[in-house]
Amino acid sequence: MDDDRWDDWPERWVGTDCDVRAAVSAIPREVKDGFRYDEVPWQRFRHFYGPGEEIPGLLATLVSEDAEPADRALRQLWTSLHHQGNTIAVGALAVPFLLRIAAIARPELRAQTLRLVAEIGRCQHMGDGSREGLLQVAEEPEMIEGSTMCPVDWTIQAARQAVTDDLHLLLPLLSAPDPEVRSVTAYVLAAATDGLSHVSSALQSRLAKEDDAVVQVSLILAIAQLAREHQDEHAPKWARGLWSDPERPPVVRIGAGLAWLCLVTDPAPDELRALLTDPGTRQYDGLLQPVPWLTWIDSTGVGLRSCIDEMLTANTPEAVLDDPWGGGLSAYKRTCTTSYG
């Protein structure tokens with residue numbers, strides 16, 4: 001970065017052809033609704049393994065009635081747009097189309113298509129089950145993606161704006177017959193940047209009648225993520241009301257306990273610590289592993305247990321002594337994997 005091209009980088013890129021946020025916001029509604037891929041500037045950006053012009057063909061194949069090529073296209077989109085947990089600029093251009101494809105593609109592909117949308121619009125968080133990291137969305141401003149030299153957070157901002165622009169497509173999916181779709185829809189909605197009262201109200205309404213454990217916890221964490229990012233001062237009281245109520249289902253109390261720990265900096269009360277460390281809580285490790293926030297924390301199937309352990313020990317003297325990195329071992333691992341992908 002020694003030559004003049006990089007002077008005042010990335011500020012001089014703001015609003016230019018190199019700014020994926022500008023590219024996504026410039027896509028007209030009729031282009032998105034009509035799947036008019038040829039009117040989108042894919043050529044400006046690369047994916048992890050090749051030119052961005054390859055992405056429209058994969059998107060078109062994703063809606064194929066032939067299961068095998070559609071499945072193959074989705075796998076390739078994951079590989080191209082979400083490599084080792086990282087997100088890349090051209091993925092944000094794909095988000096409006098992925099949302100529309102999720103509504104019309106084969107039902108078996110719907111949840112994973114939505115999941116890809118959510119991961120494009122979220123920082124790399126594999127292994128970070130800390131109180132600070134579990135619900136984090138934004139990336140560090142100085143983090144760049146090496147193939148394009150674009151700030152990763154620009155991609156995240158662009159993808160989140162695309163999600164927000166298409167809330168009308170997502171909100172109905174909270175009532176989808178498939179619980180996995182409902183769960184992942186909550187994960188996507190948690191990235192919204194506007195219409196927050198409307199989104200939170202929809203999540204709350206779904207939670208009031210939801211009976212699937214994975215969806216219940218996903219809804220709680222989605223509500224908490226929106227509240228945390230937008231500093232809703234009422235959210236901690238709401239979460240505490242859920243986890244402290246013995247009449248609530250155990251999974252609701254557990255999910256609300258995690259949410260509360262992410263919303264405040266107070267030490268965990270004895271009552272909450274007892275709930276989360278009760279031996280009976282371990283029976284929910286496998287059940288709640290599909291919760292999108294927990295899946296990436298530990299691939300062996302104990303994401304819930306890893307979160308609980310990290311959240312309850314992060315600020316103890318023993319944890320500080322055992323952690324030479326000073327900010328949590330998982331935070332260190334996250335920085336390394338994001339930097340070197």
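Which residues in α13 meet which residues in α17?

Modeller: Keep in mind that this is a predicted model. On the α13 side, the residues are I254, L258, L261 and C262. They meet L304, C307, I308, M311 and L312 in α17. By class, this contact of α13 with α17 has nine nonpolar residues, with no polar and no charged ones.

Now the geometry. Helix α13 covers residues 250-263, and helix α17 covers residues 303-313. Their axes come within 11 Å and cross at roughly 40 degrees. Angles under 35 degrees would count as roughly parallel, and 65 to 115 as roughly perpendicular, so α13 is oblique to α17. The crossing in which α13 passes α17 is left-handed.

Next, the setting. The protein chain has 19 helices and four strands. Of its 341 residues, 55% are buried. Take contacts between residues at least 6 apart in sequence: 67% of them join residues at least 24 apart.

Then there is the largest nonpolar core, which holds 107 residues. In soluble globular proteins, nonpolar side chains tend to be buried together. W42, L59, L93 and L203 touch the most other members of this core. Its largest share comes from helix α11, residues 213-229, which supplies twelve residues.

L93 is worth a click. Leaving out residues up to four places away in sequence, L93 touches V20, A23, V24 and I27, along with V40, P41, W42 and F45.

How values were computed: Residues are numbered from 1 along each chain as its sequence is written. This is a predicted model: local features need pLDDT of at least 70, side-chain atom pairs count only at pLDDT 80 or more; totals for chains, interfaces and linings use all residues. Side-chain values use heavy atoms; hydrogens and water are left out. Axes are lines fitted to C-alpha atoms, for helices over the stretch in contact, and angles run from 0 to 180 degrees between N-to-C directions. Helices (H or I, at least four residues) and strands (E, at least two) are DSSP runs, numbered from the N terminus. Angles under 35 degrees count as roughly parallel, over 145 as roughly antiparallel, 65 to 115 as roughly perpendicular and the rest as oblique. A crossing is left-handed if the near helix is turned anticlockwise from the far one by less than a right angle, and right-handed if clockwise. Contact means heavy atoms within 4.5 Å. Ala, Val, Leu, Ile, Met, Phe, Trp, Tyr, Cys and Pro count as nonpolar, Asp, Glu, Lys and Arg as charged, and the others, Gly among them, as polar. A nonpolar core is a set of buried Ala, Val, Leu, Ile, Met, Phe, Trp, Tyr and Cys residues joined through side-chain atoms within 4.5 Å. Buried means under 20% relative accessible area, exposed over 50%, partly exposed in between (1.4 Å probe, protein chains only).
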